[in-house]
Amino acid sequence: MKTLKLDAVDNYDFAVKTASEILKNGGIVAVPTETVYGLAASAYSDDAIKAVFTAKGRPQDNPLIVHISSLDMLRDIARDIPDVAYECAKAFWPGPFTMVLPKGEKIAKSVSGGLETVAVRFPSEKTICDIISTSGIPLAAPSANTSGRPSPTTAEHVIDDLKGKIDAVVMGKDCTVGVESTVVSLVGEKPRLLRPGAVTVEQLRKVLPELVIDDAVLEQLKDGETAASPGMKYKHYAPKTDAFLVEGCSNSFVNFVNSKDGCAAICFSEEYYSINVPKICYGSKRDESSLAQKVFSVLRDIDSFDVKEVYIHAPSKDGVGLAVYNRLIRACGFKVIRL
Ligand code: TXA
Ligand code: MG
């Protein structure tokens, strides 16, 4: 299949119009959002959704997020919507926030991988919202990477993974947030955080004081345990290089990596010049948002270093740091070294 590249920087209107046409005709198109690039398909078309699963190599039981461009569309996606969902929408939409609600009838079965619930997000990025409004259809979109690889935060990442497997890529700017949306389930007895993101626990608790943090956010599922969010059970975001998450202060981290042969480091800007092994900086330890923005691109870049092992300095779990830590611990297959 030839993958069309649609330039959304210099030829925005044409890119939006063409992407909308392809999606209306049942095609699959990668589009930028503020979090990561998504691989979009009509949420009403089972065939288009199946093509998304195939292109990504994604397990069929891992459900997709449906994207909307107005609050009115929510009623087409979900049913029995509780008042608290509207309170969340008021506080966090448009933006990097997804809620899980009882599934509406029109949504294609394969979107939810057999579940009775559906995940919904109203993004803030203009491109995807314009494509949803122009096509008039809600778009189911997982991250536009090959399943298991780091999520794509640039159009080039999408091309690297999916060229020849999808109809088109809307080539927009790099994603500003860099980690996927915060996912909260509103279908259980208490609201439950399934995946941390740029909307932080502190912000969520102002609207959802009873919020429970699912064990899968920071821990590996035990054998036989069912994941509240199926995506949490798979190995994720992994570079090809064997990766370890390292917890400790800057001094200990620098001494640790400098004492190792044949490794590389992913570090903070503050310690960059003290490290003697091949290294990439992913932002400042005092600015978790900067770490979020670069975390997936450094996980891709590290493979070009041609080393056996990479040691990644763990961020704090405060604010957006929790989301970065959650992605890194998966990228490292839960291998953590505490100094
Ligand atoms: O920021 C984002 O959320 C990006 C952009 C493209 O919007 N999308 C994204 O999609 O990250 P994906 O498919 O990579 O992750 C969706 C996550 C998975 O962990 C999945 O298991 C969970 O949401 N999920 C989807 N539907 C669910 C449901 N009905 N119940 C529980 N978890 C669900
Ligand atoms: Mg994903």
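**Exercise 1. Find how many residue pairs are in polar contact between domain 1 and domain 2, and which elements of domain 1 take part in the touching side.**

*Step 1.* Between domain 1 and domain 2 there are eight residue pairs in polar contact, both residues at pLDDT 80 or more. A polar contact is a pair of N or O atoms within 3.5 Å; within protein, one must be able to donate a hydrogen and the other to accept it, and residues adjacent in sequence count only if both atoms are side-chain atoms.

*Step 2.* On the side of domain 1 that touches domain 2, α6 (155–162) and α7 (201–207) are the elements giving two or more residues. Helices (H or I, at least four residues) and strands (E, at least two) are DSSP runs, numbered from the N terminus.

*Step 3.* The largest share, three residues, comes from α6.

A note before going on: this is a predicted model, where local features need pLDDT of at least 70, side-chain atom pairs count only at pLDDT 80 or more, and totals for chains, interfaces and linings use all residues. Residues are numbered from 1 along each chain as its sequence is written, chains are lettered from A and ligands numbered from 1 in the order in which they are written, and side-chain values use heavy atoms, leaving out hydrogens and water.

**Exercise 2. Work out how many salt bridges link domain 1 and domain 2, and where the domains lie.**

*Step 1.* Domain 1 covers 4–217 and domain 2 covers 242–338, with bounds from an automatic or database domain assignment.

*Step 2.* The count between them is two salt bridges (a side-chain nitrogen of Lys or Arg within 4 Å of a carboxyl oxygen of Asp or Glu).

*Step 3.* Look also at Glu 180 and Arg 327: their side chains form a salt bridge, 2.7 Å from N to O.

**Exercise 3. Are the residues of helix α10 buried or exposed, and what do they pack against?**

*Step 1.* In α10 (residues 321–331), eleven of the eleven residues are buried (under 20% relative accessible area with a 1.4 Å probe, protein chains only; exposed is over 50%, partly exposed in between).

*Step 2.* Among these buried residues are Tyr 325 and Arg 327.

*Step 3.* Their packing partners include α7, α9 (288–301) and β12 (242–247), judged by contact, meaning heavy atoms within 4.5 Å.

*Step 4.* Just after α10, Gly 333 has a positive phi of about 55 degrees.

**Exercise 4. Describe where Tyr 37 sits and what its side chain reaches.**

*Step 1.* Tyr 37 belongs to the loop between β2 (29–31) and β3 (38–42).

*Step 2.* Its relative accessible area is 0%, so Tyr 37 counts as buried.

*Step 3.* The Tyr 37 side chain reaches the backbone oxygen of Gly 172 at 3.0 Å, and one of its polar atoms lies 3.1 Å from the backbone oxygen of Lys 173.
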